[in-house]
Amino acid sequence: MNKLRIPFDNSWKGIVTDLFSDCAEMFLPDLFAEMNLGIPPKFLEQELQALIKDKTFKIADKIVEVTLISGEKRCVIVHIEFEAKPEPIIGERMFRYYRRIYDTYGNKITALVIYTGARVPKVFDRYEENIFGTSLVYRFNTYQVRKQNEADLINNPNPFAIVVLACWYIMKSEGNDSLRLSFKEKVYELARNRNYSLEKTLKLLIFVEELVKLPDAFEDKFQEAIYKPVKDNDMYVTDASRRLANTLTKGAFGESYSEVKAQIMTERAKADAERAKADAERTKADAERTNAIIKLYTIAKLSVQMIADTLELDIKFVRKVLRSEGLSEK
């Protein structure tokens, strides 16, 4: 039986980051229709973790700030639920994410949970409270891989249909390595033969390679199956074809798939490092601004309005900082 550990968490986080616009179009089409695609999304999970003092609070997989055509900003929570045993308190966790993000950024929020496993909690799309006549219902978007149709996914031109299909195939081939091998070959060829950009195609191929795990003997068969000589009239007789070749094509094309993969991973690590540095600088600046607000309020005894005027800040932001520090406006 196939007992290889499937890296759902890291693989999904990476592909959501790399192809977020396609992700939004696939799972949140109404939001996608309003997004300004000319402004890159901003990923906030590391920044939010740094701002929250409670280190036991686990941040959702992806928190993304997008800009709408109208100029407004929205926060998007994308949580990937992949655990073998469905989490019964997923609704409460999503509500906690909502509160923390709203308190920190004040943006309007949309949330999505993608269930990649074969089971989901009994209550999977909301959080409810009803206490002595006071009630609360928090609903969020959900997507269940297990309920998708293979033909629909194959015919869907969105790159994230391939991502979902790979997960769907993992469920359908549980314990059957031969079937999983055929599924991996199928989804790999589907990704490779679409007219996506080189960069997008490579990222999809890397996702498939990392996610759909096979024992060594079957992985060797997979490598043999996807190696095909390139003909003059083949659509891959381009620089892209050579770069899309797998590890066995180095002799034929002079550059291996593993080398290209390493380049992309290096670029991603570099981008992550630059993003982390920028986040750290932003966090430091926010901390200094917060300290200034607290000192002016507690030591200098300035009013909220005077603090806002002195530091040239929005008065709502000043109030938010004071509330987060447990200081009530006098």
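Helix H14 passes helix H15 in a right-handed crossing, meaning that the near helix is turned clockwise from the far one by less than a right angle. The axes of H14 (residues 304–311) and H15 (residues 315–324) come within 9 Å and cross at roughly 115°; axes are lines fitted to C-alpha atoms over the stretch in contact, with angles from 0 to 180 degrees between N-to-C directions. Val-304, Gln-305, Ile-307 and Ala-308 of H14 meet Ile-315, Val-318, Arg-319 and Leu-322 of H15, where contact means heavy atoms within 4.5 Å. Six of these residues are nonpolar, one is polar and one is charged.

The model is predicted: local features need pLDDT of at least 70, side-chain atom pairs count only at pLDDT 80 or more, and totals for chains, interfaces and linings use all residues. Residues are numbered from 1 along each chain as its sequence is written, and side-chain values use heavy atoms, leaving out hydrogens and water.

Helices are DSSP runs (H or I, at least four residues), numbered from the N terminus. Helix H2 (residues 20–27) is largely enclosed by the rest of the structure, because six of its eight residues are buried. Buried means under 20% relative accessible area, with a 1.4 Å probe and protein chains only. The buried residues of H2 are Phe-20, Asp-22, Cys-23, Ala-24, Met-26 and Phe-27.

| Residue | Relative accessible area |
|---|---|
| Cys-75 | 0% |
| Cys-167 | 0% |
| Arg-180 | 3% |

Arg-180 lies in helix H8 (residues 177–193). Its side chain joins that of Ser-173 by a polar contact of 2.8 Å; such a contact pairs N or O atoms within 3.5 Å, one able to donate a hydrogen and the other to accept it, and residues adjacent in sequence count only if both atoms are side-chain atoms.

Zero disulfides are found in the whole structure, a disulfide being a pair of cysteine sulfur atoms within 2.5 Å.

Key: Buried < 20%, exposed > 50% of the residue type's maximum accessible area, 1.4 Å probe, protein only. Helix = DSSP H or I, 4+ residues; strand = E, 2+ residues; numbered from the N terminus. Nonpolar A, V, L, I, M, F, W, Y, C, P; charged D, E, K, R; others polar.
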